[in-house]
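Reader: Please show me the structure, and then let me test the labels against their cut-offs.

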2 protein chains.
Amino acid sequence: MQLLRSTDPDFAARFARIVNDRRESDADVSRVVGDILARVRIEGDGALRDLTARFDKHDLDNSGWQISLKDCKAAYKALDKDLRKALDLAAERIRAYHEGQLPVDRDHVDEAGVRLGAKWRAVDAAGLYVPGGRAAYPSSLLMNAIPAKVAGVERLAVVTPTPLGEVNPLVLAAAHLAGVDEVWRVGGAQGVAALAYGTATIKPVDVITGPGNAFVAEAKRQLFGVVGIDMVAGPSEILVIADNRNDPDWIAADLLSQAEHDPSAQSILITDDAAFAAVVEDALDVTCADLSTNRVARESWDDFGVIIVVQDLAKEAPALANRLAAEHVEIATDDPEAIFAQIRHAGSVFLGRHTPEAVGDYVAGPNHVLPTGRRARFASGLSVLDFMKRTSFIQLDEAALARIGPAAVALAHVEGLPAHAKSVELRLK
Amino acid sequence: MQLLRSTDPDFAARFARIVNDRRESDADVSRVVGDILARVRIEGDGALRDLTARFDKHDLDNSGWQISLKDCKAAYKALDKDLRKALDLAAERIRAYHEGQLPVDRDHVDEAGVRLGAKWRAVDAAGLYVPGGRAAYPSSLLMNAIPAKVAGVERLAVVTPTPLGEVNPLVLAAAHLAGVDEVWRVGGAQGVAALAYGTATIKPVDVITGPGNAFVAEAKRQLFGVVGIDMVAGPSEILVIADNRNDPDWIAADLLSQAEHDPSAQSILITDDAAFAAVVEDALDVTCADLSTNRVARESWDDFGVIIVVQDLAKEAPALANRLAAEHVEIATDDPEAIFAQIRHAGSVFLGRHTPEAVGDYVAGPNHVLPTGRRARFASGLSVLDFMKRTSFIQLDEAALARIGPAAVALAHVEGLPAHAKSVELRLK
């Protein structure tokens, strides 16, 4: 953990180092992934069979390529009642929030008599990567699948690794609840490639979303343009802006809730009271020791944790927050709005003392798939728009063309495109 | 040119070949571009100086790194009056259409007492690539720059190659009109890299858009995630759906207006009358011979042109159009709406006999930067949203947390994330 004070003479330089530190894997996975993508594109199912045997240690022809929707339904029915209610509440709230994102079509005739508009349509098919093992989160499946279904995607295919053939019943239950149409037992870069290119068995999709390890992220990055993808994802981060009137245990738990995700996750506290910062740090040590995720959380906090002590929260925190452009920003003050109004770059903001980031991970409604690694400067959380596209349209009659056509002719000529000019000129005669 | 009839026994196979034919460069530009990006990232201005001397044959320190806004204004003032009026009309109409795209923020309290919302903000800075030489289109500058300015981008930087130091006054005039803030004389992958990473002289931006050659397109692709980019662009295409009640000269000009862009461009005609198709083909040959762009248009039509004769336009054309997912679709019939209603995948649609695609390139208002190479299946034309991002926000009070918090606790436990659970549990006590 690093402690910085905004009054330190080297503060600017140290803060800049934190801003520019990319916690992302330097390992050159790019070539390995490129080879896997090429194999799947050329060899199709055969490559999936081989790579699944090698990485996940099971034979697709024996274990079955697909997990049936019946099995997903059974997994849902078999859930403990309270857990099922929690999952239902999450799904219902996520659905309601995302329905509010559905875009409105445009269609009007302007004063020149030109009809102009835009029609939004869902993509035909979407693919969703669901990690296996520890990171197989049912909440993550809901957060990706529900926006696709709200958008109107007719075919939603999940790929997920099932190491040694084992499946995670919670993920199947969530797939049932979200209305997933297909679940394939393939993972890694090969699973992403199968969705993008299609094989004899798995039909291709138009958009691929969902979290994964460095190989999955790199596969999505390389396939951007072949299909639509959501965003390049890196390790998660939280920025907590808190005054000294918070319970230090609460703030410590918030910082740890990010740290426990991944040794590369980053938790940052900005506060205006050095004594409060010290108490939070102590509380964090105590709480962390008791967590089952202690090892991961400890490593993240030790390596990437930061506490910044400033003189004036409202004056200094927003500028620092905008530089960090963090995935999650908590503002734990009495008047969070005063700081929020100055925040330009953040994935999601959690306002006030009773809004721990974890409610946003599960049940608040907005998407928990958010831009990481300072990408909130230019990127947004996952939404129904990631599963839709817009077709613009234009309609002119003779009178409208007479009004605006001559300008098009002039511009086409000066750009050296005579057929463009001619296509308008002929209609003006 | 290929002629297909939907009644041919091998129609399905031949059509599938056209759909799957990727007219994109196979040349391995990826490594060259990767090397250039790395050089600019590490060496900064020095790399720009060297690469500009090598590729554009001028010395940045002599010719000047920047073109001044004063020079842009002078270029605008020096325009021929009719041309200036045409450019003004284009800018005004593009601005009006894109203002209609500005998204609306959300902020409401739901029945559980949870405040939920989303705030849209412009990115701080955007970069725009403007090609040099033949493809330096002022219309293209307007189509990229105006949406950025409508979005509210405060700093808009153009990079453009000036081979041998020469600049295109039309592009400078358009830069003035669109309100561009900086114009840099660097091009190619190095220009894109300078915008993405920043150098001592050029400050980095958050989003990069704009057309370019294969090196520019690959640079943008590789930098996706470091910055936001619009979309991977490939050669342009048009699909004209026309019955035999059209003037064949008009349809021929429309097909040529796409073909004259690029030898890899593709023009496709779907009609229900083989005799009409033959007349259009003859008209195309005659018109093409007279064009100053004859060589390019001829090559494109010979290599990639397609005429498809179907039995019933309204019944067959929409399904074919959806498979092609073309950048531009013209529907030249009396009732274009009947076909348009069935089209799911297209970049932009031009309705009726008096709407040549070229009006959309210049003055209609909607963006002419559109998804190519079947990407209309999942991508949209450029819009103000490409220069904005959304921050979601959540606010709970004690009562709201008591309602939905327990579900978050249950889900956090089952996902093996105890600090997540604790951050909520502590506040529920």
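Author: This is a predicted model. A search of the whole structure gives 38 salt bridges over all chains.

Reader: What makes A:Glu218 and A:Arg221 a salt bridge?

Author: Their side chains come to 3.2 Å, N to O. The cut-off is 4 Å between a side-chain nitrogen of Lys or Arg and a carboxyl oxygen of Asp or Glu, so the pair qualifies. Both residues lie in helix α10 (residues 214-223) of chain A. A:Glu218 and A:Arg221 are three residues apart there, about one turn of the helix.

Reader: Why is the pair A:Asp254 and B:Arg427 called a salt bridge?

Author: The closest N and O atoms of A:Asp254 and B:Arg427 are 2.7 Å apart. The rule asks for within 4 Å, so the label holds. Side chains of opposite charge can pair when their charged atoms come close.

Reader: How many salt bridges does the rule find across the interface of chain B and chain A?

Author: The rule finds ten across that interface. Polar contact there covers 68 residue pairs, both residues at pLDDT 80 or more. On the side of chain B that touches chain A, helix α17 (residues 398-414) of chain B gives the largest share, nine residues. By class, that side of chain B has 65 nonpolar, 27 polar and 27 charged residues.

Reader: What area do chain B and chain A bury between them?

Author: About 10400 Å², with 59% of it on carbon and sulfur atoms. The contact takes 119 residues from chain B and 119 residues from chain A.

Reader: How do you know that strand β14 of chain A and strand β15 of chain B pair?

Author: Pairing needs at least two bridges, and β14 (residues 348-351) of chain A and β15 (residues 388-395) of chain B have four, so they pair. The sense is parallel. For one of the residues, A:Leu351, the bridge partner in β15(B) is B:Gln395.

Reader: Why is the aromatic pair A:Phe11 and A:Phe15 called stacked?

Author: The count over all chains is five aromatic pairs. In A:Phe11 and A:Phe15, the rings are 5.7 Å centre to centre, with 20° between the planes.

Reader: Why are A:Phe11 and A:Phe15 separated by about one helical turn?

Author: Because A:Phe11 and A:Phe15 are four residues apart in helix α1 (residues 11-20) of chain A.

Methods. Residues are numbered from 1 along each chain as its sequence is written. Chains are lettered from A and ligands numbered from 1 in the order in which they are written. This is a predicted model: local features need pLDDT of at least 70, side-chain atom pairs count only at pLDDT 80 or more; totals for chains, interfaces and linings use all residues. Side-chain values use heavy atoms; hydrogens and water are left out. Contact means heavy atoms within 4.5 Å. Buried area is the accessible area (1.4 Å probe) that two parts lose on being put together, summed over both. A polar contact is a pair of N or O atoms within 3.5 Å; within protein, one must be able to donate a hydrogen and the other to accept it, and residues adjacent in sequence count only if both atoms are side-chain atoms. Ala, Val, Leu, Ile, Met, Phe, Trp, Tyr, Cys and Pro count as nonpolar, Asp, Glu, Lys and Arg as charged, and the others, Gly among them, as polar. Rings of Phe, Tyr and Trp (its six-membered ring) pair if their centres lie within 6.5 Å; planes under 30 degrees apart count as stacked, over 60 as edge-to-face and the rest as tilted.
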